[in-house]
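Subject: Structure for your review

Dear colleague,

Please find below the structure that I am handing over to you.

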Amino acid sequence: MPKSAADPASRPMRADARRNYDRIVAAAESLVAEHGAEASLEEIARHAGVGSATLHRHFPSRRLLLEAVFKGRVDALCVRARDLLSDPDPGAALVSWLRDVGAHAVANRGLGASVMHGTRDGDPTLGSTCHAMITSAGDELLDRARHVNAVRPDVTVTHLLKLVGAIALATEEDPDGPAEADRLLDLAIDGVRAR
């Protein structure tokens with residue numbers, strides 16, 4: 001993926017600048033989960049303990065900040081999938097990862113749509129790159145689960161990701177969204193198990 005101006009790997013950073021960058025992204029992640037993709041930039045700066053100018057120095061636009069949050073979440077899901085590849089129960093590993101994907105999707109609260117359909121000042125390949133990363137990570141887990149007959153042979157990772165995405169969308173405004181999403185995911189998982 002091309003490096004954006006907000007990508008810390010695209011330029012060297014002093015230790016204090018790196019800490020500020022990390023605090024801004026963490027605050028944005030928390031506030032997006034709470035308020036959605038339209039979370040206030042001023043509130044994000046306040047939660048990060050930095051000034052507005054510092055936030056804008058690292059992230060000249062809202063989209064660049066949202067991209068950093070989104071990419072960080074996708075990276076975490078992929079790391080989680082790799083960690084689960086060593087689980088002795090491939091079916092349980094797949095289900096655990098799907099729950100993580102569901103929690104990710106519920107916490108996004110409009111984030112994906114914002115970064116995929118935003119203005120021209122971001123990474124135009126972010127959506128396809130992140131989709132490919134998640135699909136690849138899920139494929140490995142699904143292949144292991146399929147190998148031990150834990151899932152139906154006709155199930156694809158795309159089917160599973162669409163189910164999880166639909167569940168997250170359906171529960172996004174629910175006061176108890178994550179718990180409701182988890183209940184609905186249980187129902188969907190039962191339908192993809194091998195009989």
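Overall make-up

Please bear in mind throughout that this is a predicted model. The protein contains nine helices and zero strands, and its elements, read from the N terminus, follow the order α-α-α-α-α-α-α-α-α. It has 195 residues, of which 41% count as buried. The exposed surface comes to about 10100 Å², and 55% of that area is supplied by carbon and sulfur atoms.

Helices H4 and H7

Helix H4 spans residues 62–84, and its axis lies 9 Å from that of H7, at an angle of about 15°. Angles under 35 degrees count as roughly parallel, so H4 is roughly parallel to H7. On the H4 side, the contact is formed by Glu-67, Phe-70, Lys-71, Val-74, Asp-75, Leu-77, Cys-78, Ala-81 and Leu-84. H7 contributes Leu-126, Cys-130, Met-133, Ile-134, Ala-137, Leu-141 and Arg-144. Sorted by class, this contact has 12 nonpolar, no polar and four charged residues. The crossing of the pair is left-handed.

Helices H7 and H8

H7 (residues 126–147) also meets H8 (residues 157–171): their axes come within 9 Å and cross at roughly 115°. Angles of 65 to 115 degrees count as roughly perpendicular, and H7 and H8 are therefore roughly perpendicular to each other. Their crossing is right-handed. From H7, the residues involved are Ile-134, Thr-135, Gly-138, Asp-139 and Leu-142, while H8 supplies Val-157, Leu-160 and Leu-161. By class, five nonpolar, two polar and one charged residues make up this contact. Ile-134 of H7 takes part here and is also one of the H7 residues in the contact with H4.

Asn-20

Leaving aside residues up to four places away in sequence, Asn-20 touches Val-50, Thr-54 and His-58.

Yours sincerely,

A colleague

Terms used: Residues are numbered from 1 along each chain as its sequence is written. This is a predicted model: local features need pLDDT of at least 70, side-chain atom pairs count only at pLDDT 80 or more; totals for chains, interfaces and linings use all residues. Side-chain values use heavy atoms; hydrogens and water are left out. Axes are lines fitted to C-alpha atoms, for helices over the stretch in contact, and angles run from 0 to 180 degrees between N-to-C directions. Helices (H or I, at least four residues) and strands (E, at least two) are DSSP runs, numbered from the N terminus. Angles under 35 degrees count as roughly parallel, over 145 as roughly antiparallel, 65 to 115 as roughly perpendicular and the rest as oblique. A crossing is left-handed if the near helix is turned anticlockwise from the far one by less than a right angle, and right-handed if clockwise. Contact means heavy atoms within 4.5 Å. Ala, Val, Leu, Ile, Met, Phe, Trp, Tyr, Cys and Pro count as nonpolar, Asp, Glu, Lys and Arg as charged, and the others, Gly among them, as polar. Buried means under 20% relative accessible area, exposed over 50%, partly exposed in between (1.4 Å probe, protein chains only). Accessible areas come from the Shrake-Rupley method with a 1.4 Å probe; for residues, only the protein chains shown count as cover.
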